[in-house]
Amino acid sequence: MFELENAKATQGLRRIAIDPVSRVEGHGKVTLLLDEQNKIHQVRLHIVEFRGFEVFIKGRPFWEVPVTVQRLCGICPVSHSLAACKAMDIIVGAKQLTPTAEKLRRLMHYGQILQSHAVHFYHLASPDLLLGFDSEVAQRNIVGVAAQHPEIAKQGILLRKYGQEVIHLVSGKRIHGTGAIPGGVNKALTAAERDELQKNLPQLIEWMQGGIQVMQRFYESNTAFHNSFGLFDSNMMGMVREDGALDLYHGYLCAKDAQGKPIFNRLNYENYTQVLREEVKPWSYMKFPYIAELGPEKGWYKVGPLARVQTCDFIPSPLAEAARKTLLAIGNGQPVHSTLSYHWARLIEALHALELIQSLLEDPDLLGKELVLSGQRQEEGVGVIEAPRGVLIHHYKVNEDDQVSMCNLIVSTTHNNQAMNSAIRSVAMQHLDRRVISEGLLNHIECAIRAYDPCLSCATHALGKMPLLVELIDAEGQRLSSLARNSNGECRADFSLG
Amino acid sequence: MADILLTAWGNTSRGDDALGPLLLRHLQAWARTVHLAQHFEWVEDFQLQIEHALNLEGKTLALYVDAGQNTPAPFSFAPIFPLKQAWHTTHAMPPESVLAVFERMAHKPPCPAFTLCLKGETFGIKEGLSATAQNHLEAAQAFAKTLLQNPNPTAWNALASP
């Protein structure tokens with residue numbers, strides 16, 4: 001049980017709801033329980049929507065899956081498509097792709113990282129950072145940023161647009177493209193398309209370096225606030241190459257504890273079930289993953305940019321690595337856990353993505369024509385990728401009729417569930433406890449959630465254990481009957497009013 | 001640099017929602033044959049977002065083309081102006097909000113802008129237009145060509161729907 005997860009007694013407590021949490025993807029709400037002195041007794045991030053992809057994907061032909069799962073999300077469809085494709089590569093016996101296919105997929109993925117990080121920082125987070133957490137709410141948005149910082153807003157929009165254009169040219173569409181298929185890709189890149197993408201890249205890299213400087217100035221403007229905001233220690237998990245370099249497309253899973261010591265290292269991600277478990281809580285549709293050997297109380301962890309730049313040993317591109325060292329220096333030899341540092345790390349990754357795109361565009365393999373491979377058919381495949389928000393796991397079994405018989409998804413934001421709850425509890429105690437609650441203070445809670453760039457619509461899915469309440473209401477609003485299912489899957493009907 | 005902006009939006013897999021993109025593609029092909037294409041910036045998208053405000057920079061005239069439900073047949077054509085209460089916080093924006101975003105970002109009014117709204121009938125998931133929408137498209141093609149041949153606000157205002 002975590003502090004502030006459950007109030008000892010709820011009678012007489014006042015409830016404040018932030019519903020919906022704004023400037024995030026998907027729908028969630030935060031509830032706070034306070035007493036008459038505004039002392040906080042309970043804080044929870046609730047996920048209020050659910051999707052049943054793991055269930056309704058069963059029975060579908062496996063080659064449909066990379067297209068279908070993109071519908072989980074409009075922000076990171078490429079990540080879902082690629083994670084599914086990586087799993088299906090194993091199913092079709094093509095674990096190692098042609099160099100051209102892998103590089104095209106990587107290009108698509110880096111475009112996705114760039115566009116997602118840009119939309120988050122410039123469109124969603126920058127209003128808080130540039131205008132103030134408690135600035136005028138009607139101005140606290142991207143248009144307000146554009147009015148006061150037009151160049152920054154314009155750069156953000158164009159950086160995102162470039163990332164989308166990379167996706168478009170590689171996958172055929174900016175959203176829900178179909179370029180990646182089991183065993184490779186179905187579309188080659190032309191020289192003209194490559195040349196188009198090479199235009200303006202140095203300018204974009206310069207802009208992204210400027211974005212990192214904006215974040216660094218924000219940090220330096222109030223280091224005490226920045227270092228303490230939403231602060232808590234936690235384990236971290238990310239994917240690295242064999243040499244310890246950050247790899248956003250393929251590698252091994254690594255986990256470190258709050259002090260940076262390894263928990264597990266270079267784990268083949270096909271064995272993820274050996275190290276990860278998921279817990280279900282009755283008040284949220286989102287599960288709570290944890291590292292099995294540490295248990296749910298101590299084994300939870302964070303993923304995504306801040307975890308990634310610290311679980312890797314280095315970033316294999318020079319500008320991003322230099323920026324990473326600057327960020328890590330604020331920890332004075334210890335890992336950085338301050339919540340707002342997620343933004344800083346996110347921009348470093350966006351710079352890394354641009355550097356990788358630049359490098360790939362100079363690679364002759366990119367214009368190759370050998371796009372698809374196949375081999376000995378397999379029954380089970382796991383695909384893992386570093387999506388913009390963190391480790392994304394797709395796991396499938398496919399029967400002899402080519403139909404999916406099992407699907408398990410552990411989505412990036414799900415890994416961060418406990419971390420986000422810890423962050424908002426930390427902020428609530430630091431900034432709201434025993435104070436008169438204002439909109440600006442409540443936005444501090446949202447700022448802590450936003451730092452994780454959660455994709456709540458991706459992260460909610462049922463595997464038969466989701467708590468659910470169905471009520472039948474008549475035209476006058478009277479409840480006629482209800483059916484409740486708890487987190488153990490047990491159902492209880494109440495027809496007493498029917 | 002092209003100084004007239006033509007923006008069309010819609011989902012070509014959603015029946016008559018394709019009217020805007022189909023009209024834009026037709027006009028672009030036609031403009032190439034009559035050597036007018038260089039005067040226009042052609043933008044096609046699924047929906048309007050704040051980034052479309054950037055396309056207004058340096059333009060002298062803008063046309064926004066979309067499919068409409070329960071709108072006049074075969075199409076309506078009208079001037080538009082920045083919305084005072086701009087709507088920018090959801091997945092899609094009306095063109096009036098795009099103009100408003102430009103105004104706030106650039107600290108100057110946008111160029112004169114017009115909408116051409118083609119009436120559609122069916123917007124379900126399918127490719128291809130309904131027969132009625134096809135007729136509306138053909139009518140709009142002829143009308144839009146007259147606009148592109150005489151791209152000035154005064155002439156366009158004179159052609160606005162009553």
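**A tour through chains A and B**

Select Arg15(A) to begin: this residue counts as exposed because it has 10 C-beta neighbours inside 10 Å, where exposed stands for 12 or fewer other C-beta atoms within 10 Å of a residue's own, buried for 20 or more, and partly exposed for what lies in between, with C-beta atoms placed from the backbone. The model is predicted, with local features needing pLDDT of at least 70 and side-chain atom pairs counting only at pLDDT 80 or more, while totals for chains, interfaces and linings use all residues. Residues are numbered from 1 along each chain as its sequence is written, and chains are lettered from A and ligands numbered from 1 in the order in which they are written.

Staying with Arg15(A), colour strand E1 (residues 14-18) of chain A, in which this residue lies; helices (H or I, at least four residues) and strands (E, at least two) are DSSP runs numbered from the N terminus. Leaving out residues up to four places away in sequence, Arg15(A) touches Thr31(A) and Leu33(A), contact being defined by C-beta atoms, placed from the backbone, that lie within 7 Å. A distance label from Arg15(A) to Val372(A) will span 56 Å, C-alpha to C-alpha, across 357 residues of sequence.

Next, select Val166(A), which is found in helix H6 (residues 150-171) of chain A. Is Val166(A) buried or exposed? Val166(A) counts as buried, because 27 C-beta neighbours lie inside 10 Å. Apart from neighbours within four places in sequence, its contacts are Leu107(A), Met108(A), Gly111(A), Leu197(A) and Ile357(A).

Zooming out to the whole of chain A, one finds 18 helices and 17 strands, and buried residues make up 49% of its 498 residues.

Now move to chain B and display its open sheet of five strands, which has mixed pairing and the order E2-E1-E3-E5-E4; two strands pair if DSSP finds at least two bridges between them. Strand E2 (40-45) and strand E4 (75-80) of chain B stand at the edges with a single partner strand each, so one side of each is left without a neighbour in the sheet. Within this sheet, strand E3 (residues 61-68) and strand E5 (residues 113-119) of chain B run parallel and are joined by seven bridges, and Gly68(B) stands opposite Lys119(B) in E5(B).

Finally, show both chains together: the contact takes ten residues from chain A and nine residues from chain B.

Note on methods: Two residues are in contact if their C-beta atoms, placed from the backbone, lie within 7 Å.
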